[in-house]
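Here are my notes on the model, jotted down as numbered points. Have it open next to you while you read.

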Amino acid sequence: MIRTRFIKELLPFLFLPFAFSVPVLNGESARNILMISVDDMRDWTNFLGGYKGEVHTPHMDALAARGINFTNAHCPSPVCNPSRTSVMTGLMPSTTGIYDNGQWLRANYPDKMTLPKYFKQQGYHVVGAGKSFHHTAGNNPPDQWHDYFRFPWADFPWVRSNKLAYPWTEWQPPPPGYPFSKVEYLRGRQERDWGILPRKESEYDDVLVVDYAIDFLESHSGEAFFLSVGTFHPHLPWYIPKRYRDLYEDSEIHLPEAPKNDLVDIPPIPQRWAERRRDEMEAVKDAGEWEEAVRCYLASISFADAQVGRVLEALAKSPYADNTIIILWSDHGWHLGEKDHWHKSTLWEEATRVPLIIATPEMETAGGTSSAPVNLVSIFPTLVGLMEMENDIDFDGPDLAPLLTNPNASWPHASLIDFGYGNTAVRDKRWRYIRYSDGSEELYDHKSDPNEWKNLATDPVYQSVKDELAKHLPSHYAKDVPSKDGFVFDPDKWTFTDKDTGRVVHGGQ
């Protein structure tokens with residue numbers, strides 16, 4: 001693992017050009033792309049206003065002020081791997097059959113075009129750091145990038161003992177004070193913890209990831225670049241340096257509203273989903289730590305915002321400040337008690353609404369907001385469109401260019417969210433319609449019920465509304481592709497061997 005303190009010494013070797021011609025479009029050098037992703041960040045930012053109190057997100061707020069803030073943006077799936085796979089391929093889970101975190105894109109689709117692969121083929125210098133694809137081993141093949149800085153996983157190595165997922169991480173015991181959440185029920189439960197980690201801020205994994213990106217921006221010269229930077233915060237565990245928790249020390253913490261009868265009118269499938277990890281939520285409440293958990297989630301958002309600010313500051317000081325497209329997004333949202341649910345993995349608003357900001361150089365609509373229902377699956381086709389590049393990819397998401405030109409432009413599309421085979425939510429400007437694999441349904445009117453407390457699906461008055469929204473549903477659901485259990489992964493050679501056929505897929509440089 002290359003440590004950040006050595007990066008400056010290694011930069012001349014790490015960033016040697018692999019393509020010697022600069023991409024040119026319409027007689028001009030192509031623009032650079034900076035893509036920033038944050039993890040598990042719901043709409044609790046100042047620029048989205050999803051939280052009732054103040055959220056300290058000055059850097060993302062500033063980015064929203066210089067770009068288009070999509071206030072009705074949603075994830076392709078409320079789980080990390082399928083959502084990020086959709087961003088990187090422009091294809092929905094219902095198209096690829098990648099529905100959960102236990103499936104590999106590369107092993108199942110060796111030749112699938114991805115964002116980094118596409119821009120690499122176009123002559124861009126393609127570099128990444130942190131969480132771009134899903135973070136576990138096998139999801140960021142080296143041949144997708146000219147260089148990639150993976151997570152050190154030094155913040156909490158005691159939950160990284162699975163060698164299939166974290167083959168490069170050396171297990172270490174938790175430090176004194178664990179669990180920092182003070183919820184004994186959660187001890188040893190993977191990432192379920194929060195609090196102030198006894199660690200220098202400069203040594204946090206996300207700081208090291210951003211250090212790498214800053215070093216690149218300070219040292220790169222030559223061809224246009226595609227730089228992907230992904231922070232792990234505010235993903236669990238919500239470990240933060242003390243100064244970020246201090247931002248909320250004296251603030252009133254607004255706990256999510258969860259009416260006791262909220263789930264009586266929903267079908268069995270979402271009932272089961274909502275029940276998952278409810279024991280953890282109840283343990284948090286019983287320990288009197290619900291408020292502190294929310295406080296640490298907010299602090300994790302602010303910590304992530306600070307890292308975004310560091311990257312943007314480095315870009316502003318670089319020669320590329322006026323020639324770089326910036327995209328910021330989060331892979332999905334998060335429940336903190338709404339719908340009597342803890343974590344993600346639902347098709348409700350809390351799990352699907354996410355930040356999405358796009359800022360282009362000399363944007364005439366800078367500072368605008370768009371309430372059009374959009375989806376992260378549109379990032380790939382939008383970037384290709386902005387670069388005016390040719391492609392033959394049959395994307396699932398529409399190009400967002402019309403909304404960048406006019407945020408209030410007519411938009412006939414709905415945003416789709418898949419979660420598992422046969423389950424999809426349809427979100428438009430007013431409604432959320434969900435159809436489950438057994439045919440059961442939910443329907444919510446966001447004009448009168450933004451919290452989605454009253455399911456209207458069984459009321460015949462709304463049949464025509466359901467019929468219109470159902471037109472957006474996938475016409476076909478791909479079968480689940482084989483899980484990781486179907487392959488032997490060699491992390492040193494970067495090969496995937498199919499256990500049934502013996503086929504070997506290579507992912508190394």
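**Notes on the model**

1. (A salt bridge here is a side-chain nitrogen of Lys or Arg within 4 Å of a carboxyl oxygen of Asp or Glu.) Asp-40 sits in the loop between strand 3 (32–38) and helix 2 (58–65), and Lys-344 in the loop between strand 13 and helix 12 (349–352), so the pair ties together parts that are 304 residues apart in sequence. Helices (H or I, at least four residues) and strands (E, at least two) are DSSP runs, numbered from the N terminus.

2. A word on what you're looking at. This is a predicted model, in which local features need pLDDT of at least 70 and side-chain atom pairs count only at pLDDT 80 or more, while totals for chains, interfaces and linings use all residues. Residues are numbered from 1 along each chain as its sequence is written, and side-chain values use heavy atoms, with hydrogens and water left out.

3. Are the two partners in point 1 buried or exposed? Asp-40 has 0% relative accessibility, so it counts as buried. Lys-344 is buried too, with a relative accessible area of 10%. The cut-offs: buried means under 20% relative accessible area, exposed over 50%, and partly exposed in between (1.4 Å probe, protein chains only).

4. How many salt bridges does a search of the whole structure find? It finds 31. One of them joins Arg-189 and Asp-279, whose closest N and O atoms are 3.2 Å apart. That pair links distant parts of the chain, 90 residues apart: Arg-189 is in the loop between strand 7 and strand 8, and Asp-279 is in helix 10 (residues 278–286). Arg-189 is partly exposed, with a relative accessible area of 27%, and Asp-279 counts as partly exposed at 34% relative accessibility.

5. There's also a local pair worth a look. Glu-292 forms a salt bridge with Arg-295, with the closest N and O atoms 2.8 Å apart. The two are three residues apart in helix 11, so about one helical turn separates them. Glu-292 counts as buried at 17% relative accessibility, and Arg-295 is buried with a relative accessible area of 7%. Shared partners then join Arg-245, Glu-249, Glu-291, Glu-292 and Arg-295 into one network of salt bridges.

6. Next, a helix pair. The axes of helix 7 (residues 205–219) and helix 11 (residues 290–317) come within 9 Å and cross at roughly 10°. That makes helix 7 roughly parallel to helix 11. Axes are lines fitted to C-alpha atoms, for helices over the stretch in contact, and angles run from 0 to 180 degrees between N-to-C directions; under 35 degrees counts as roughly parallel, over 145 as roughly antiparallel, 65 to 115 as roughly perpendicular and the rest as oblique.

7. Who makes that contact (heavy atoms within 4.5 Å)? Helix 7 supplies Asp-206, Val-207, Val-210, Asp-211, Ile-214 and Leu-217, and helix 11 supplies Phe-303, Gln-307, Arg-310, Val-311, Ala-314 and Leu-315. By class, that is eight nonpolar, one polar and three charged residues. Ala, Val, Leu, Ile, Met, Phe, Trp, Tyr, Cys and Pro count as nonpolar, Asp, Glu, Lys and Arg as charged, and the others, Gly among them, as polar.

8. On to the inside. A nonpolar core is a set of buried Ala, Val, Leu, Ile, Met, Phe, Trp, Tyr and Cys residues joined through side-chain atoms within 4.5 Å. The largest one has 76 residues, of which Leu-34, Trp-194, Leu-227, Trp-238 and Trp-342 touch the most other members. Helix 11 gives the largest share of this core, 16 residues. A second, separate core has 58 residues, including Ile-266, Trp-273, Met-387 and Ala-409.

9. Please check the backbone at a few spots. The Tyr-178 to Pro-179 peptide bond is cis, with omega near -5°, and Pro-179 is in the loop between strand 7 (147–149) and strand 8 (194–196). Lys-182 lies in the loop between strand 7 and strand 8; Lys-182 has a positive phi of about 70° although it is not a glycine, and at 65% relative accessibility it counts as exposed. His-343, in strand 13 (residues 342–343), has a positive phi of about 95° and counts as buried at 4% relative accessibility.

Definitions and conventions: Contact means heavy atoms within 4.5 Å.
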